[in-house]
Amino acid sequence: SKMKRITLLILLSFISFSFALGQSGDENKTYRPDIPGSFIIDFGFNNAQRPTVNGEKSPKDFKTGFFGSSTVNVYYQYPLRLGKSKFSFNPGAGFSFERFRFTNGVILDKVGQRYELVPGSNQFDGIQKTILSEKYFDIPVEFRFDSKPEDIATSFNIALGGRAGYMFDSMMKVKYIEDGEKKTNKDKQNFNLNQFRYGVYSRIGFGAFNLFFFYNLSPVFQPNVGPERTTMTTITTGISINGF
C-alpha cells in the first residue's frame, strides 16, 4: 500500500543516515543521529482471538489470511533514564495502521442495530478481495532495560508497556470484477467498531532490531452490536525497528 511504501522509505532513510554517521569518528563506537528521543516502526501480523460459543468460534465467519492481515505502527518515544540505572521510562505517541483480509469474501453490513458479516457476493459480482482497515492515534508508554545505555545501538534490550489508542478512520474495501473491469469499492464508516482501544505489549531484541507482541485487551467491536455480539480481541506479533 502507499502508506507502507512511505513508511519503508522513511525507515531506509534513517538506516542510511545512521550508517553514514557510524563510519566517521571513533571506530570503536556506534553512533546514533543526534535526535532527542527515537522513532519506532513495527511490522506485524494480526490474529483474531475469537471466543468459543456453543462449540464454535464467534463470529464464525471472521476468517482472515495471515499475510493479508497486518499492522504498521510508526511511533516516536522520548526516553527518561531512571537515575544512573540501565532502566528508562519511555512515553510516546504515533499512528497505527491495521487491516484484516477476509479469506471468505465477507463484508460488514448493518442488520438491525448490529453489523454482521455477510457474503460480499450479495452486493458485488466477481469478488477478489475484501479488507477491513482501521487507523489509530496511539499513546504508548513503556519501561525499558538496556544492557548498555551509553550505546543502545549495540545493546540488548527488553521493554514492557501498554498503549491506548483512538480510531480516527475505518473502511471496508472490496475489490471485484464487473463486466470484465477491475473495480474497488471503499465504504468508510464506523461499523460499530470500538473507537477506543487499550492493551499491553513487550519487545525484546538487540540494538535496533526487536521482536514485539501486542495483546489488545479491549474488544474490537462495541458491546452487543458487532457480528454475533462478539467480544473478540486481537493479538499482533512482528518485528520492531527502533532506536533511530
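Which backbone oxygen lies 3.3 Å from a polar atom of the side chain of Asn157? The backbone oxygen of Gly207 does.

## Ground rules

This is a predicted model, where local features need pLDDT of at least 70, side-chain atom pairs count only at pLDDT 80 or more, and totals for chains, interfaces and linings use all residues. Residues are numbered from 1 along each chain as its sequence is written, and side-chain values use heavy atoms, with hydrogens and water left out.

## Asn157

Asn157 sits in strand β10, residues 156-178 (strands are DSSP runs of E, at least two residues, numbered from the N terminus). Asn157 counts as buried because its relative accessibility is 1% (buried means under 20% relative accessible area, exposed over 50%, partly exposed in between, with a 1.4 Å probe and protein chains only).

Skipping neighbours within four places in sequence, Asn157 is in contact (heavy atoms within 4.5 Å) with residues including Arg144, Phe145, Asp146, Gly207 and Asn210.

## The core

The largest nonpolar core has 22 residues; such a core is a set of buried Ala, Val, Leu, Ile, Met, Phe, Trp, Tyr and Cys residues joined through side-chain atoms within 4.5 Å. Among the members touching the most others are Phe62, Met172 and Phe191. β10 gives the most to this core, four residues.

Take Phe191: leaving aside neighbours within four places in sequence, its contacts include Leu108, Leu132, Met172 and Phe221.

## Tyr166

β10 also holds Tyr166. This one counts as partly exposed because its relative accessibility is 37%.

Key:
Polar contact = N/O pair within 3.5 Å; in protein donor to acceptor, adjacent residues only side chain to side chain.
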